[in-house]
Amino acid sequence: MPDTAPPDLPRRAADVHDRGFVRVRGARENNLRSVDVDVPRDSIVAFTGVSGSGKSSLAFGTIYAEAQRRFLESVAPYARRLIAQGGTPHVDGISGLPPAVALQQRRGAPSSRSTVGTVTTLSNSMRMLFSRAGTYPEGASRLESDSFSPNTAAGACPRCHGLGVAHEVTEASAVHDPTSSIREGAITAWPGAWQGKNLRDVTAVLGYDIDRPWRELPQADRDWLLFTDEQPVVEVVPQRDRVAKPYKGRFWSARAFVLHTLADSQSETQRAKVLRFVESGPCALCGGSGLTRAALAVTFAGRTIAELNSLPLAELGDVLRPTASLTSASAAVSNASSGEVTEVAVTLASDLLARTTVLDDLGLGYLSLGRATPSLSPGEMQRLRIATQLRSGLFGVVYVLDEPSAGLHPADAEPLVAVLEELRASGNSVFVVEHDMSIVRRADWVVDVGPGAGSEGGAVLYSGPVAGLAEVERSVTRRFLVPWSDAPVRTSERRRPDGVLALRSVSRHNLHDVDVEVPRGVLTAVTGVSGSGKSTLVGGVLADTATDFDGIDRVVEVDQRPIGRTPRSNLATYTGLFDAVRSVFASTDEAVVRGYTAGRFSFNVVGGRCDVCQGEGSVSVELLFLPGSYAPCPECHGARYNAETLEVRWNDRSIADVLAMTVAEAAGFLRGVPAASRALETLREVGLGYLRLGQPATELSGGEAQRIKLATELQRVRTGRTLYLLDEPTTGLHPADVELLVAQLQGLVDGGDTVVVVEHHMGVVAAADHVIDMGPAGGDGGGRVVASGTPELVAASPHSRTAPYLAAALADR
């Protein structure tokens with residue numbers, strides 16, 4: 001055998017050197033321009049850059065995607081089909097890449113059965129605690145852990161099926177006009193059209209007077225018609241139709257029909273229709289817990305599992321602490337008749353206490369295990385996942401996080417950094433896509449991507465220690481790394497309100513009998529720690545009552561919900577500018593000769609769209625034993641339109657060419673089309689010049705969707721009597737983009753409108769005319785107005801947790 005030692009020595013030396021870095025070569029994902037970068041392992045690395053610069057494409061689309069691809073290659077091909085997989089990243093190669101875990105800001109499918117407890121798996125431990133260490137009624141047999149879950153057949157309440165909410169049909173909900181007769185439709189809960197007529201005819205055959213006003217019928221008859229479970233079948237002889245033959249008709253009471261529709265109908269429209277005829281409220285059998293009475297009879301520390309699930313996590317820790325503090329020896333010699341002081345109880349309580357403490361340290365102590373996840377913000381969901389990973393004990397993993405500080409008050413940023421540092425200390429690498437400069441300053445390494453967005457970005461401007469970024473002149477990020485320089489600078493004096501929206505004795509969620517005065521005609525920032533009641537006040541109470549006040553004719557809520565749920569919805573269709581583009585193409589000589597209307601240039605309409613992909617631009621490719629994937633349509637090659645439609649050109653461009661343009665490119669091309677030009681210019685002003693007109697709505701972030709909605713509103717004619725409500729509009733925005741956003745908000749106020757923002761970004765708060773600070777804590781510890789007034793006044797408040805951070809922002813303006 002030949003001696004291979006000499007050539008092998010340099011290679012092994014190189015391996016040792018490579019072990020400290022993830023080396024990316026030739027990354028071309030999305031707008032990345034053949035990027036080469038070295039990212040250190042076992043470090044906290046911040047990826048920075050303006051929105052759309054390509055930092056997420058590098059961190060998630062390249063590094064994480066390649067790690068996931070390599071892991072899935074080790075899975076059997078058949079099993080691989082059952083796992084959701086992404087595409088192969090466009091990169092020449094990556095070396096030194098460990099396994100990776102992604103923690104992104106995403107929402108799952110909305111479900112009231114998904115809770116904080118189920119997401120963190122704390123519910124599993126809680127159920128086990130009650131099963132093995134709970135105090136049972138005398139003579140009761142031990143229940144398995146599944147019996148303490150409302151999501152299992154063993155534990156779900158038989159009346160509400162574990163939802164905790166019962167839908168009851170009452171006479172008032174089923175009969176809306178008691179002065180009318182059954183023939184006139186008194187029982188509104190019955191179906192309409194032929195089904196309703198059939199039930200009325202059956203009722204008449206059964207001997208009930210269908211022409212007598214409902215309120216004059218005997219109570220016993222009314223109760224039977226509305227609530228009976230009987231379903232008699234009778235022969236109905238049509239009276240007015242001589243052609244129709246007699247038939248057998250079945251009777252359904254109003255309640256039976258409604259509950260049958262809710263349980264069995266696959267039509268959301270039908271389900272929504274019958275919900276109008278029910279009164280919903282906490283289930284009387286389980287008290288809203290969703291559990292069986294047997295499960296609710298078991299206690300721990302004198303409380304049921306439903307009561308513990310409803311406690312804020314901080315209080316739950318106080319309940320568990322006495323048991324967790326017992327030693328194994330003391331538990332072993334304790335009274336065996338109580339399961340709460342056994343060694344099993346100590347072990348389970350200690351584990352629960354440790355895990356709830358992590359959540360409390362992350363600023364989530366105000367949440368309860370029973371809190372439904374659809375009510376949580378993306379930032380709260382991500383922090384729950386971070387806490388779960390912290391307790392997993394994994395070693396040598398790359399954690400890739402998407403803005404973990406999103407929705408986080410500055411006071412809670414320090415505990416977040418501590419958690420990230422603990423992940424690093426456990427032998428892991430932490431890669432963070434982040435806009436919060438307070439987090440970036442604490443990182444070990446920064447990778448700055450830019451300099452601009454879209455085609456103007458995609459290059460790594462700097463990769464190294466944080467301090468070195470200050471020397472990179474092309475970096476937009478560098479000027480914001482100086483403490484508190486991310487505060488947008490005001491050039492005008494504080495405005496004075498022209499009125500007040502006075503909210504009196506407000507009680508909702510954790511707001512209890514609160515009086516709040518929201519000034520009209522100014523920019524107001526509502527601040528406070530997470531869970532203090534900000535969103536409830538603004539998005540709930542103020543949004544519902546604002547039009548009752550003088551001077552407010554219209555309320556506009558600009559949130560981060562998607563602008564569309566399918567790829568067919570995009571920026572151009574949402575803003576309405578695509579209507580103007582289609583009209584321009586329809587007015588060309590070629591289109592007129594061919595008889596094409598504006599509808600011909602819609603990729604959603606048969607005739608102009610490609611028949612192979614039906615206007616989607618891609619087709620699904622199914623592969624045996626391999627995951628299905630999407631490929632460009634072989635007919636239109638991704639253009640979405642058929643060849644005849646693409647032959648029509650305006651200024652030497654097809655309709656597909658226009659959809660492929662970025663907002664910045666289209667602004668120049670469509671300068672002569674006023675309706676489109678106005679929309680495009682507004683989109684550029686809110687920092688979205690890098691988005692493509694045809695970019696599917698499903699690819700847009702929450703922050704991008706919110707700014708598209710804001711741009712759409714900015715195109716409208718200003719009345720000076722509109723109230724704009726925004727919930728954390730800076731989420732997902734680089735400090736440079738925040739400046740653009742604040743300029744637009746100031747413009748709305750200058751036009752006479754009122755703007756109220758829920759915000760954690762101290763730069764935005766410092767730029768406001770008025771501040772309402774909620775708190776002092778989250779959950780039951782919040783819900784009060786701690787301070788209110790100008791930013792300077794709130795910054796001086798000794799009781800506000802926001803005050804020191806706001807004071808620092810004001811000091812460096």
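Mentor: In helix H9 (residues 254-264), the buried residues are Ala254, Ala256, Phe257, Val258, Thr261 and Leu262. Buried means under 20% relative accessible area, with a 1.4 Å probe and protein chains only. Helices (H or I, at least four residues) and strands (E, at least two) are DSSP runs, numbered from the N terminus. This is a predicted model, where local features need pLDDT of at least 70, side-chain atom pairs count only at pLDDT 80 or more, and totals for chains, interfaces and linings use all residues. Residues are numbered from 1 along each chain as its sequence is written, and side-chain values use heavy atoms, leaving out hydrogens and water.

Trainee: Which residues of E12 are buried on each side?
Mentor: In a regular strand the side chains alternate between the two faces of the sheet. Strand E12 (residues 445-450) has 6 of its 6 residues buried. One side holds Trp445, Val447 and Val449, and the other Val446, Asp448 and Gly450.

Trainee: Which residue stands opposite Val449 in E13?
Mentor: E12 pairs with strand E13 (residues 459-464) in the antiparallel sense over 5 bridges; pairing takes at least two bridges found by DSSP. Opposite Val449 stands Val460.

Trainee: How many contacts does the model have for residues 1-19 beyond four places in sequence?
Mentor: pLDDT is the predictor's confidence in each residue, from 0 to 100. Where it is low, the predicted coordinates should not be read in detail. Over residues 1-19 the pLDDT stays under 50. Counting heavy atoms within 4.5 Å as contact, the number beyond four places in sequence is 4.

Notes
Buried means under 20% relative accessible area, exposed over 50%, partly exposed in between (1.4 Å probe, protein chains only).
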